[in-house]
Structures are given as C-alpha cells and as structure tokens.
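Have the structure open while you read.

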Amino acid sequence: MTTTTVNRRDFMKIASSAGAGLVLSFYLPSAESELFAEPLAESFSPNVWLKIDPSGIVTVTVAKSEMGQGSRTYFPMILAEELEADWSTIRVEQAPAHADKYGSQSTGGSTGVRTSWEKLSKAGATVREMLISAAAQKWNVDRATCYAEKGTIIHRPTKKSLTYGELAEDAAKLPVPEAPALKDPKNYKIVGTWIPQVETAARSSGRAIFAVDVKVPGMLNATLLRSAVFGGKLVSFDATKAESTPGVKKVVQIDRGIAVLADSTWAALKGREALEIKWDEGPNSKLSSADIQRMFEEYARKDGAVATKEGDVDAAFAGNVRKIEAVYNAPYVSHSPMEPMSCVADVRADSCEIWIGSQNPQALLNSTATLLGFPKEKITIHVTLIGGGFGRRLDNDFGEEAVKISKAAGVPVKLLWTREDDMHHDFYRPASHHVLSGAVDKDGKIVAFKHRVVAPSITGQRAPERIKDGMDRGVLDCAANMPYTIPNVLVDYVMAIPPVPIGAWRSVYASQNVYVVESFVDELAAATHKDPLEFRLQMLDKNPRMKKVLETAAEKSGWTTKLPKGRGRGIACSFCFGSFAAEVAEVSVVKGKVKVHRMVVAIDCGMGVAPNTLESQVDGAVALALSAALKGEITIENGRTKQGNFDAYPILTINEMPKIEVHVVNSYEKLGGIGEPPLPPVAPAVCNAIFAATGKRVRKLPIGNLG
Amino acid sequence: MALITLTVNGTNQSVDANPETPLLWVLRDILGLTGTKYGCGIGVCGSCTVHIDGEAQRSCATPIGSCDGKSVTTIEGLSSDLSHPVQKAWLEVDVPQCGYCQSGIIMSAAALLKQKQKPTDADIDTALSANLCRCGTYNRVRKAIHVAAAKGGAQ
C-alpha cells in the first residue's frame, strides 16, 4: 500500500468555543450488517466526535457497542494513528442511541473495523494537518518544516514544540484541508501494535458497569413469567400469593406475561415462583425435536429453490465417476452469554430513559417510540457495556419487555432474566439438514457437487413477505458460494421453518454450512485417497487468498509431520464476512471422548489492525465454535426448550480449551471482519481430525461421545 | 427476616434479610457491590465467586443465613487499586473480553494462588474448570495465573 490522498467531502465539521479546544465531528456512512440491512438516511449527520481539550486530552465518541470485541479500543487506535496522538491521552465515550446521528449503530456482521477504517483515518489525518498549520502560523514558519509526533507539533529546524492541547483552539479556526495525506502503513506506530483494551482495568476490578448493574432512584427489580411453550398465550392468572411474598410491591400484566416487581431481586424471583398462571399452550404444545427432524427430512424431498447452478450435475454424475452421498444435520444452539438479558427502563409521562447492553440500540429506539407513542427525541437509550453478545443482543425483546413493565407499573424497573429465562427464550442458531452428493473422477478431482440445504430462514420467520420464490440467499452463505472451482455444481434450498425462534449466532448461517461443506469435501478427498490439503489446493487456482491461508495454516501446523498414534489432524477453510480463514485442528479420541489439543488459525482480513483484539476474537470464535461442535444442542420437548442452565447445556471449560495459534496473513486487500470469520472452520477441522484419527465421520452435531 | 452480621471487605455489616436469600443478592442489591455477577443461580458457572473465610465460594448458592460471623471478600475488596498480583497479571496479559465472568475468575485464581504458590496447569484446570467464560479468555486466564505466580501472587 502506498500513501494515498483523500478528497475533502462534506462529512467534516469543525467547532470551537472559548476554552473548549477543538471539536471535530464527522460522518461515517451507515455500517450495516450484511444480513440485516436497514437503510438509513444518507443526509449529513456527524456520527463520530473527536474532541481535543486544552489539556491535550483527546476524546473519541464511539457509536458501536462494546461487548468484548474491542470497539472502544480499535476505533480510537485507527484515529489516533493518523492524528499522531499520544495513546495515553486518548479517552473514549459511548454514544447513546440516536435515530440517524451516528449512522448505523448495529454492532454485528463483523463490520466494525472494515466500515469505519477509511473515515476514521481521514478524520485523524485532517485534524493532524490542521494542528500543523496552527503551529506553523503561530511560529510564522513554513508548515513543511513542521511535523506531528505523539501529541505535539515540532518545528524541525529549531526543535521547538507545542502540544495539541495548546494548539486545539487555533486549529479549530482554520479551514478544513482539502486532501490530507494518509500515512504509509510502514510508518504506523499504533495500528498493528499490541495495545491493551481500554476497558481492561474496569473489567478486572468489578467496576465495569453492565445493564444489570445499573440502579436508578425509585427503581424496582422485576422478573417476568412468560409462556414456556413457543406461541403460548395467557388465559388467566392469580397473583394473590405472589403479591403477599415479602418484598413484592406490584404485579403487572404485559403482552408477553406477568411481571413481578419487588424491592430486591430475590423477592422478585420468589414472587414469580408464587404466581399461578393458566396458559393456552396453543398448537405447538406437543412439538418435539423429533417432529422437527421429520419435517426437515420430508421437506428434503420437495423441490428446492436453486441458488447455484454451474455446468450439468446430472450429466456429470452419469459419467465414469465415483459417486459419494451423505446427509448432515446441525442442531439448534443457544447464545448463552454470561450476562443474561437485562434492562433498566424508566417510562415517565412524556419521556423514557433506558439502560441496555444492546447490539442494536436504534432498533430499540424505533420500537420504543412506536410502543409509547413518543417522539424519538424523548427517548434516551444509554448503551452500557455488554456481558457477551454473539448476536443475541441484536434482538431487543428484553428491552421492550422492560419498557412495557415500567409503563404498566409506573415506576423505573430493572428487568432481570434468569439463566433459565435466557436459555428458554433465546433466538437460537437454526438447526439444519443437508443432503449431499459428489462425484470424483479417476484423477482425484471433484467433477460434480450437489447440496440441498433444508433449514429455517430468520427473515422467513420474521418477515415472510420479504421472501420471494422460497429463496433467502443469506441462509446459503458459504454453501451457494463455495471457494472452490468445481465444473458442475447444484446448490438449492428448501425453506422449512419450525415454530422455534431463531436469530443471528456468531457467523450466522456460515457456521452450519461450512461444517457441512468442508466435512463433505473431506469425504470426497478421502474417497480419492488424496491428502485433504492437496485436494483443496488443486481447486483453488482462482482463489489465491484462500490458497495462501490454507498453506499457511498447514505449514504452521506441521501438516506433513507424523502425529503419535491416536491423534489426527483435520483442515478446513471458509470465506465469510470479508475474510479468509483456514484452520488445522489436532485431536485425540480416547474411549470415544474427543479432546482438541491445538488449533492453528490462519486468517487474511486484509490487515491486522489491532493484533490484541484480533487474537482475542480468534480465541473467542474457537471457544464458541468448540462449545457448539463438541456438546451444544438445544432440544425441544412439549413445545418448549428442554435445557435451562449450564448443567444441562454445558459449554467449553478451561481444561477443554486447546492451544490456539493465530497467524495473520496481511494481503493489504480490502479489510474484512474478524469477529465471525474464524468460527466456521472450527467444527469441520475438528470433525476431519476425528476422521484422520479414527476413520469415523461425524455427520451430525454435536460430536458428543463417539462411543 | 433475620439480622445477620458479617464482615464484607473488612467492614462489619448487619443485614436484615430472609436467611434463604443468596449472599449474591445481598452483596448486589443491599450492599451495592455489583462487581460480583449473577450467571446461573445454581452454582455452576462461577461468575458469582467470592471468598468466604478465605475460600472461593459460589455466592449465588450460599444462603446469607449461613454467613453469620463469616468474613466475605468480593472483587471490590481484593484491592482498591488493581494492585493485587492477580489483577496486575490480568492487566499485563489483557485477559478480559466482555468482562462479565472475570470477577469470578479473578477470585478463583486469587484463592488458588493462596493455596498453591506455583500452580501447575493441572492445578489451574482443577481450580478453574467451573468458572465459565463464553468469550473464550481461558488461555489468557491460564497465562495470567502463571504470570501472577511468577511474581509472587500468593498475596
């Protein structure tokens, strides 16, 4: 990459008032999730603020939610780089929700860095150039003799210097430069370096404030009893016993159930236990996982909507080829962030204030405005730190509940979901069913690949009117667009939507599809007796970035070295959310029990902007994927979720965490995401390693005990 | 209701509560110590870990009635300025992601280091395997415990 110049557009505005230093506001275009795009007005409305106060403190307002992925760290890093700021002077503020001021505040789809990079860089460079001009004017010297370094402008010949704080007010009066030069990445001092997260001290001291920790005057603690059965409706209730529970102050009804409000959390929980409710369980009262499986198998015999058609698969299958067939299944899994859903809401006569850890606060702003009939300006949403998102908090059902309860009760409330509430009322990763057939020729190449996906669609469940001809291409992410060149391909889709609520789960549909495709490709490789890496590489001549990450992961894993008996290596790759990932898993299987020892991850996301948070994101993607692959399964019984807590739904523990090695391949191509891309290859790499170790193919998740 | 007296972070407290109330909710709702987190309510996730008379315990499964006369230390009492060796190691390794489980993990780690000055990986597995983290900070947790041990973490 070389130095680039940028044109000034109408996205910057400089403001200054006496003693305030410099305030720069600029506009980042809406950074929508690829899968849940909501168009926003493109009119000028600044959405990021940079403030330099006279003491030199640089405050950056961040409009994306912070859930551990590091938005409060990498946004300021990008900006500080071009600004040549002293990192120790950087402070971060969280923006409240606003209809359009900040563009899209939706935090999902691994969009953070890639959609903000350019504008943050330009903003930093703009201010840097203005500070240089201000210093040059003050000293009455040629600005070319001045440069910026660590929060000061230095006059090269005389070595005299002024700090950003001293220059901010003068700089604010200058015109905004037309085309500030961006730095050559070779000269980066902050981007690409290992910087601790801004929130680490708060998170290591108990001082980090999540929504569940918020307390406002007059607030009552609330719990809500909902129908355990999906779609069940309230018939009648008796609150006598609940109301007489010590500490309980009120019992109110909202559309989704009965809320118990008390002066303490414990009293609200005890009061809820004492509620007597009669439910109409409706048509789903007998629904079971077996019914859903039967539905998928039946739908698999229907005609599918064609997503990818290349060549002629039928003709290819009729040729002199070896045909392999397989059926794969993936279950529903839960998000289960460590902080269960919670929200504080204070609905007053003509205004409302909310504290919530939401990945999509603007959606809550919209629904609250509709719900209360208030203009949006009367609704304030404070976005707190999030105790784990993984896609769950893109939905604001818990926020809407809190608003309704506060409105019904006429007091501020903190709604707490118990772990059981959280697991029973999740929007799960969809279960899916896959029917595949492939043909390999005598040269050991795939000549035909057929894949029928039978799965629910999130859009199909929530907005069926948006579905045309039975197709939702999002569901086929990484299935319809495989990385390989194969002459004859047919991928089609049969939409099957059981009445189980589904939502976005880290990497969304890619997590199931990559498991299936990469496992089946491995089956085809095994059928040809080819090395699984070589088998993939021969189909990747047109995909050099994927080739590179595969080669890197393989090399770093010692792919060609021998493993002790009982161990196996497996490889898998994927392209999603803008990044290429390839992973090698090393596993052993003892008496049916699978142990993952090591994961080698190679990733090409353009450039590693923030290596520390990048590595954490890979750790997190691997851990979440392993939890799901090894043991994650939500099952349905009598119309409700069977699992309610971590005893019945175990997740990965420290003794099960493999060694993880991360290798970033800097291609300097367009920036890609990092939160989601490392997740999909985990399950197939592990399953392929199990095959290498035992000869056993895992065609149904979770892996569980192989017996 | 009953009057229970206990020491929390070195301060004597008298709490008027139903003795069945879990210590967790007394800490959070009555004493305003929100660093200790609710994660499961059945003592399996470790987010609510505190020290009771020096031992790591699950406050969500500890009735306040059983705490009479006991000494409780929460994350807020571990140090007021992140000076505890475990916290220092946490900053050095940059362990937390979302941070929600971290108070509990830090308290478990601090209790482990009090028992074993130089814990092995197996010791860490045993002591920490019931502290769940959904963000996957485990490898950094392990590393930070070793860092704290190397720097004399058994404070």
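Inside chain A, 13 residues of domain 1 are in contact with 18 residues of domain 2, where contact means that the C-beta atoms, placed from the backbone, lie within 7 Å. Keep in mind that this is a predicted model, where local features need pLDDT of at least 70, side-chain atom pairs count only at pLDDT 80 or more, and totals for chains, interfaces and linings use all residues. Residues are numbered from 1 along each chain as its sequence is written, while chains are lettered from A and ligands numbered from 1 in the order in which they are written.

**Domains of chain A**
- The side of domain 1 of chain A that touches domain 2 of chain A is made up of five nonpolar, seven polar and one charged residue; nonpolar covers Ala, Val, Leu, Ile, Met, Phe, Trp, Tyr, Cys and Pro, charged covers Asp, Glu, Lys and Arg, and polar covers the others, Gly among them.
- Chain A splits into domain 1 (12-194), domain 2 (211-282 + 341-416) and domain 3 (289-333 + 428-694), with bounds from an automatic or database domain assignment.

**Where the chains meet**
- Between the chains, 45 residues of chain A are in contact with 45 residues of chain B.
- On the chain A side, α4 (200-203), α6 (265-273) and α16 (611-631) each supply at least two residues; helices here are DSSP runs of H or I with at least four residues, strands are E runs with at least two, and both are numbered from the N terminus.
- α16(A) gives the most to that side, with seven residues.
- Sorted by class, the side of chain A that touches chain B has 19 nonpolar, 18 polar and eight charged residues.

**Chain B as a whole**
- Chain B has six helices and five strands, running β-β-α-β-β-β-α-α-α-α-α from the N terminus on.
- A compact globule of 155 residues would have a radius of gyration near 15 Å, and chain B agrees at 15 Å (taken over C-alpha atoms; the rule is 2.2 Å times the number of residues to the power 0.38).
- The C-alpha trace of chain B spans about 45 × 30 × 25 Å along its principal axes.

**Domains of chain B**
- Chain B is assigned domain 1 (2-74) and domain 2 (85-150), and their centres, taken over C-alpha atoms, are 21 Å apart.
- Their contact takes 15 residues from domain 1 of chain B and 12 residues from domain 2 of chain B.
- On the domain 1 side, β3 (49-52) and β4 (55-58) of chain B give two or more residues, and β3(B) has the largest share, three residues.

Conventions. Contact = placed C-beta atoms within 7 Å.
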